[in-house]
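Please work through the following exercises with the sequence and the model at hand. Each task is followed by a solution in steps.

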Amino acid sequence: MAQLIYVVVYWRCRRETRLRICERFRIPSGYVNINGETPCMVSSDDYELLRECERRGFIRLRDKETKKASNDVEASSTKR
């Protein structure tokens with residue numbers, strides 16, 4: 001059974017190419033943040049083909065973690 005992998009895609013191609021890649025890998029095509037990135041989940045079966053798109057220069061896969069809940073973040077102390 002295929003697992004889902006969290007990836008952040010940085011687009012380096014034209015809009016038409018981006019839409020075709022989104023359709024193939026079931027990536028939401030309507031959302032690109034101000035940095036040109038789209039966070040998404042990709043099937044582990046499709047991950048190697050997505051890496052091939054990166055090798056060909058269409059995209060870049062960014063190594064970013066999911067946002068953690070605010071209670072997981074340690075508060076910095078202001079003691080002197």
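The model is predicted, and local features need pLDDT of at least 70, side-chain atom pairs count only at pLDDT 80 or more, while totals for chains, interfaces and linings use all residues. Residues are numbered from 1 along each chain as its sequence is written, and side-chain values use heavy atoms, with hydrogens and water left out.

**Exercise 1. Describe the largest nonpolar core and the elements that build it.**

Step 1. A nonpolar core is a set of buried Ala, Val, Leu, Ile, Met, Phe, Trp, Tyr and Cys residues joined through side-chain atoms within 4.5 Å. Buried means under 20% relative accessible area, exposed over 50%, and partly exposed in between (1.4 Å probe, protein chains only).

Step 2. The largest such core comprises 13 residues, and V7, V9, W11, I27, L50 and I59 have the most contacts inside it.

Step 3. Two or more residues each come from strand 1 (4-11), helix 1 (15-25), strand 2 (37-43), helix 2 (47-55) and strand 3 (59-62). Helices (H or I, at least four residues) and strands (E, at least two) are DSSP runs, numbered from the N terminus.

**Exercise 2. Determine whether T38 is buried or exposed, and list what it touches.**

Step 1. T38 belongs to strand 2.

Step 2. T38 counts as buried because its relative accessible area is 0%.

Step 3. Beyond residues up to four places away in sequence, T38 touches V7, V8, V9, W11, I27, P28, Y31 and V32; contact means heavy atoms within 4.5 Å.

**Exercise 3. Which residues lie over the faces of F25 and Y10?**

Step 1. A charge sits over a ring if NZ of Lys or CZ of Arg is within 6 Å of the ring centre and within 35 degrees of the ring normal.

Step 2. R24 lies over F25, 5.0 Å from the ring centre, and R62 lies over Y10, at 4.1 Å.

**Exercise 4. Locate D45.**

Step 1. D45 is in the loop between strand 2 and helix 2, and is exposed at 61% relative accessible area.
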